[in-house]
Amino acid sequence: LKAWFEVDAANNMVMMKKSILESAGIDTSNTTYVPVDFATESWLERLRARGFDPSARSLFIMEGVINYLDEENVKTTLSMVASSAKGTILAMTCLSLEPDTKREGDRWRFEKELKKIGEPHLWFLRKGQHDQFFGSLGFEILEMLDIEAQCKKYTPPNMEFAAQQYRDNFVHSGRGYMLLLLRVGAGSK
């Protein structure tokens, strides 16, 4: 690992660094923090200004980011990652709307609660649109796990109760929580 950059909204970054990492005794001295407003700033330009080299293969992790952006900013953000060196990897989470009309009311009640706390989900993919959407931006899907596959692959046997709560949260809200591993593919640098 040559360099580690943390790109996030300024308030999230302070909370993460001070409240969680430092209080746990985790050394963050080798981390370059890059605060950005994803809706109004180019996070890639901010990253470059702090020493990031987009011509080097990289690993991007976007966990719980994309669903808080509108569609235009989702495409812009993912296009910035796709402009990196061929072979760059993006690990990300993504919300998918499941075509389950029985849970439609649950989902909208959940979304209403998120809006109240100032964190509405603005972007979703419909189930089955992943290949076309990510392919159009220059990505190859290496792995895509829905909530059941995530729990099966990553839950130790003694934590099945926690996995069930995790599943129930997303199933009840009418959302599919996808974990994706993407690679910048053909047509990229």
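1. Does Asn 73 count as buried or exposed, and at what relative accessibility? Asn 73 counts as buried because its relative accessibility is 15%, where buried stands for under 20% relative accessible area, exposed for over 50% and partly exposed for what lies in between (1.4 Å probe, protein chains only). Asn 73 belongs to helix 3 and, when residues up to four places away in sequence are not counted, touches Phe 38 and Ala 39, a contact being heavy atoms within 4.5 Å.

2. On the basis of these remarks: the model is predicted, so that local features need pLDDT of at least 70 and side-chain atom pairs count only at pLDDT 80 or more, while totals for chains, interfaces and linings use all residues. Residues are numbered from 1 along each chain as its sequence is written, and side-chain values use heavy atoms, with hydrogens and water left out.

3. As to the overall fold, the protein has seven helices and seven strands, which are DSSP runs numbered from the N terminus (helices H or I, at least four residues; strands E, at least two). Along the sequence these elements follow the pattern β-α-β-α-β-α-β-α-β-α-β-α-α-β. Of the 189 residues in the protein, 37% are buried, and of the contacts with a separation of 6 or more, 75% are between residues 24 or more positions apart.

4. Helix 3, residues 71–82, has 12 residues and spans 16 Å from its first C-alpha to its last, close to the 16 Å expected at 1.5 Å a residue; the expected span is 1.5 Å times one less than the number of residues. Its buried residues are Asn 73, Val 74, Thr 77, Leu 78, Met 80, Val 81 and Ala 82. An α-helix has 3.6 residues a turn, so residues three or four places apart point the same way.

5. The largest pocket has a volume of about 1,600 Å³. A pocket here is an open set of points on a 1 Å grid over the protein atoms alone, where a 1.4 Å probe fits, with protein on both sides within 12 Å along at least five of seven lines, and lining residues have an atom within 4 Å of a point; the volume is the space filled by probe spheres set on the points, which are joined across faces, edges and corners.

6. The lining of this pocket is made of 48 residues, with Glu 6, Val 7, Ile 61, Met 62 and Val 65 nearest its centre. Strand 1 gives the largest share, five residues, and the elements that each supply at least two include helix 1 (10–22), strand 4 (89–97) and strand 7 (175–184). By class there are 31 nonpolar, seven polar and 10 charged lining residues, with Ala, Val, Leu, Ile, Met, Phe, Trp, Tyr, Cys and Pro taken as nonpolar, Asp, Glu, Lys and Arg as charged, and the others, Gly among them, as polar.

7. Thr 93, in strand 4, counts as buried because its relative accessibility is 4%. Leaving out residues up to four places away in sequence, Thr 93 touches Met 62, Glu 63, Gly 64, Ile 66, Tyr 177, Met 178 and Leu 179. Gly 64 itself lies in the loop between strand 3 and helix 3 and, at 33% relative accessibility, counts as partly exposed.

8. Ser 58 lies in the loop between helix 2 and strand 3, and at 16% relative accessibility Ser 58 counts as buried. Apart from neighbours within four places in sequence, Ser 58 is in contact with Phe 52, Asp 53, Thr 88 and Ile 89.
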